[in-house]
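Here is a friendly tour of some side-chain packing. Have the sequence and the 3D view open as you read.

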Amino acid sequence: MIQQAHAYIAVGSNIEPWRNIPCCLDRLRSLPDSRLVLESSWYRTSPWGIESQPEFINLVIGLETRLSPRQLLAETQAIETRLERLRILKNGPRTIDLDLLLFGDTILDDSNLKIPHPGLLLRDFMLIPLIEIAPEIIHPELGRPLSDLTQEIQYRQIVARVPSAKQT
């Protein structure tokens with residue numbers, strides 16, 4: 001077990017998101033040696049890659065955890081499996097999608113896990129909700145505040161902020 005770290009995870013769904021995201025958040029709250037401490041607004045976003053599919057609901061959560069990055073990845077992949085995530089079609093519809101965006105100031109680049117997440121600065125649905133809940137974060141590779149990096153966004157998919165399931 002490692003020292004406590006702050007980890008940030010993007011959560012998304014376009015198959016029954018109003019059911020799957022709350023279920024996923026409950027499972028994230030139950031992770032061992034971890035505590036869910038931050039949750040961004042929920043955003044309705046347009047699909048990318050395969051545009052003929054339902055819009056997504058996306059958000060970012062913050063965890064305090066003593067799990068290692070690889071342990072956290074294994075836990076999030078287990079949640080995806082329990083929520084019947086099928087990896088049939090790249091960028092296709094999914095019940096739940098969990099992406100580890102940042103893990104403290106860790107920089108990691110191997111075949112199974114890249115931290116910071118390579119899409120963080122490219123996709124508004126990752127960066128904007130992260131800045132919302134943790135505006136002070138410094139990008140571990142670039143040494144700049146995330147809030148200064150919004151001009152790097154290439155894919156602007158946010159359509160609207162929507163009420164979370166707990167607000168409806």
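## Aromatic pairs

Searching the whole structure turns up two aromatic pairs (rings of Phe, Tyr and Trp, the latter by its six-membered ring, with centres within 6.5 Å; planes under 30 degrees apart are stacked, over 60 edge-to-face and the rest tilted). Trp-18 and Trp-42 form a stacked pair, because their ring centres are 5.5 Å apart and their planes meet at 15°. Since Trp-18 belongs to helix α1 (residues 17-29) and Trp-42 to strand β3 (residues 42-45), the pair ties together parts 24 residues apart in sequence. Helices (H or I, at least four residues) and strands (E, at least two) are DSSP runs, numbered from the N terminus.

Trp-42 is buried at 2% relative accessibility, while Trp-18 is partly exposed at 42%. Buried means under 20% relative accessible area, exposed over 50%, and partly exposed in between (1.4 Å probe, protein chains only).

The model is predicted: local features need pLDDT of at least 70, side-chain atom pairs count only at pLDDT 80 or more, and totals for chains, interfaces and linings use all residues. Residues are numbered from 1 along each chain as its sequence is written, and side-chain values use heavy atoms, leaving out hydrogens and water.

## An enclosed helix

Eight of the ten residues in helix α3 (residues 124-133) are buried, so the rest of the structure largely encloses it. Among them are Phe-125, Leu-130 and Ile-133.

## Cysteines

There are zero disulfides here (cysteine sulfur pairs within 2.5 Å). Cys-23 has its closest cysteine sulfur in Cys-24, at 7.6 Å, too far for a bond. Cys-24 is buried at 0% relative accessible area.
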